[in-house]
Amino acid sequence: MAAQPRFRNDAVAGPDQEPIRDDPQVADGSHPVDETLPPLKMFTSGLQHVAAMYAGVVAPPMIVGPAVGLTPKETAFLMGASLFTAGIATLLQTLGFWRIGARLPFVNGVSFAGVTPMIAIGKDRGHDGIAVIFGAIIVAGLLGFVLAPYFCKLVRFFPPVVTGTVITLIGVSLLPVAFNWSQGGNATADGYGSTTNIAMAALTLVIVLALRKLLRGFLQQIAILLGLVAGTLIAIPVGITDFGAIKDADLIGFPTPFHFGAPQFEIAAIVSMCIVMLVCMTESTADMLALGKIVGRPADERTIEGGLRADTLGSAVSPLFNGFMCSAFAQNIGLVAMTKVRSRFVVAAGGGILIVLGLVPVGASVIALVPLPVLGGAGIVLFGSVAASGIQTLAGAALEKGENALIVAAAVGIGLIPIAAPDFYHAFPKDLLVVLDSGISTGCVVAIVLNLVFNHLGRKPESVAEESSEAAAATPVGAH
């Protein structure tokens with residue numbers, strides 16, 4: 001059994017966190033990750049996670065549905081199914097069984113990485129298009145499950161200079177999502193980028209910051225949720241809250257297995273989704289490393305293997321209930337860092353709420369009442385917290401040694417290309433865009449390769465061992 005993780009007094013804490021104590025155990029001797037909270041705190045904290053991720057879960061089916069030719073009602077069915085399967089995948093991650101699940105406060109949901117290839121696969125093919133997409137996801141999920149024990153060994157190539165870079169890129173890559181939400185979320189809609197939308201986002205941001213400053217204890221921990229509620233209430237008289245979703249929602253609805261027909265298997269579609277799966281596994285590995293640092297339980301190979309198995313198994317099972325590929329939701333890492341609530345059972349409660357929302361469409365529509373500008377204002381804090389955590393990791397990455405600063409510079413620069421110049425790769429083959437359009441993936445690959453080139457190739461074994469010892473001295477005992 002692995003030793004209980006212990007921390008130095010100067011260990012790097014997450015953003016807005018107090019320094020992590022030498023002994024991170026709670027009163028009963030367990031780690032904060034395994035702490036169970038009172039029912040009310042468990043529910044409200046879990047609901048806060050759902051509120052933070054809701055838009056990200058329903059957006060992919062909202063985009064893919066119309067693109068493949070589904071009706072609005074069928075697209076709404078896909079959205080409910082995505083909530084349901086996200087809940088299942090989240091429970092696999094947080095509670096786990098056997099060697100499946102990271103057993104960290106790790107939220108899973110529909111991956112944005114698959115949106116473009118799914119549209120290419122199923123465009124204007126209706127139910128057949130969805131069936132081909134589902135068949136490809138099943139195969140990709142099973143392949144990922146088989147590869148997980150081998151893929152997790154890449155953790156040795158994620159020293160602080162790499163993890164800090166990737167965590168920073170995760171936060172920075174998410175910020176444009178918050179900015180888009182702040183403007184209204186739909187660039188073709190009337191009022192997109194209006195002063196009203198941006199003012200609501202700014203007001204929500206101020207409310208969240210004020211609540212974090214003024215409140216104490218549990219209320220401070222759910223400041224994001226309280227800010228979202230306050231912003232939504234203010235948005236009602238402003239006129240940007242849409243109640244149409246509640247009026248049209250069914251009271252009960254189960255995602256009937258294979259609602260759009262039996263899965264179909266096409267080689268080109270399978271290859272495309274397998275590439276997406278590798279991208280998702282890379283990002284999930286980086287997310288687990290980031291979350292492990294924040295909660296004080298470093299993610300070793302076994303943790304990452306379990307997390308990847310949960311990701312891939314959730315993806316393979318998801319099409320059975322009409323859901324898409326599942327992967328980590330980085331925005332919730334920022335929420336864990338900000339609230340300091342590290343219990344995986346809180347996120348498991350959020351997974352349970354997602355399942356209920358998938359079964360009760362009218363309940364899901366209540367969450368959907370939160371206007372995107374309000375969600376965008378809160379998102380700026382959440383996603384910025386992830387980037388801040390990455391910067392703190394880089395602060396302990398010995399950038400003054402060797403070419404570490406150059407590694408960070410090149411990886412961050414290349415990782416920012418899809419954000420700063422979205423059309424930069426427009427002339428490249430579409431299959432390559434699955435990787436190139438993800439700044440997290442490209443930045444991660446660049447950081448790993450450059451770290452190998454500058455810090456490993458041609459180095460004497462004793463030099464590498466000396467640096468490993470220095471890294472271990474700055475890392476919690478038990479990390480690998």
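This report describes salt bridges in a predicted model.

The count comes to six salt bridges, taking a side-chain nitrogen of Lys or Arg within 4 Å of a carboxyl oxygen of Asp or Glu.

| Salt bridge | Distance (N to O) |
|---|---|
| Arg-344 and Asp-34 | 2.8 Å |
| Glu-305 and Arg-99 | 3.3 Å |
| Glu-305 and Arg-309 | 2.7 Å |

**Arg-344 and Asp-34**

The side chains of Arg-344 and Asp-34 form a salt bridge at 2.8 Å. Arg-344 belongs to helix α13 (residues 344-359), whereas Asp-34 sits in the segment before α1 (39-68), so their contact ties together parts that are 310 residues apart in sequence. Arg-344 is buried, at a relative accessible area of 12%, while Asp-34 is partly exposed, at 25%.

**Pairs of Glu-305**

Glu-305 meets Arg-99 in a salt bridge of 3.3 Å. This pair links distant parts of the chain: Glu-305 lies in helix α11 (residues 301-317) and Arg-99 in the loop between α2 (72-94) and β1 (108-110), 206 residues apart. Glu-305 counts as buried because its relative accessibility of 8% is under 20%. Arg-99, with a relative accessible area of 33%, is partly exposed.

Glu-305 also forms a salt bridge with Arg-309, at 2.7 Å. Both residues lie in helix α11, four residues apart, which is about one turn of the helix. Arg-309 is buried, with a relative accessible area of 9%.

Elsewhere, salt bridges with shared partners join Asp-34, Arg-297 and Arg-344 into one network.

Technical notes:
Residues numbered from 1 in each chain as written. Predicted model: local features only at pLDDT ≥ 70, side-chain atom pairs only at ≥ 80, totals over all residues. Heavy atoms only, no water. Helix = DSSP H or I, 4+ residues; strand = E, 2+ residues; numbered from the N terminus. Buried < 20%, exposed > 50% of the residue type's maximum accessible area, 1.4 Å probe, protein only.
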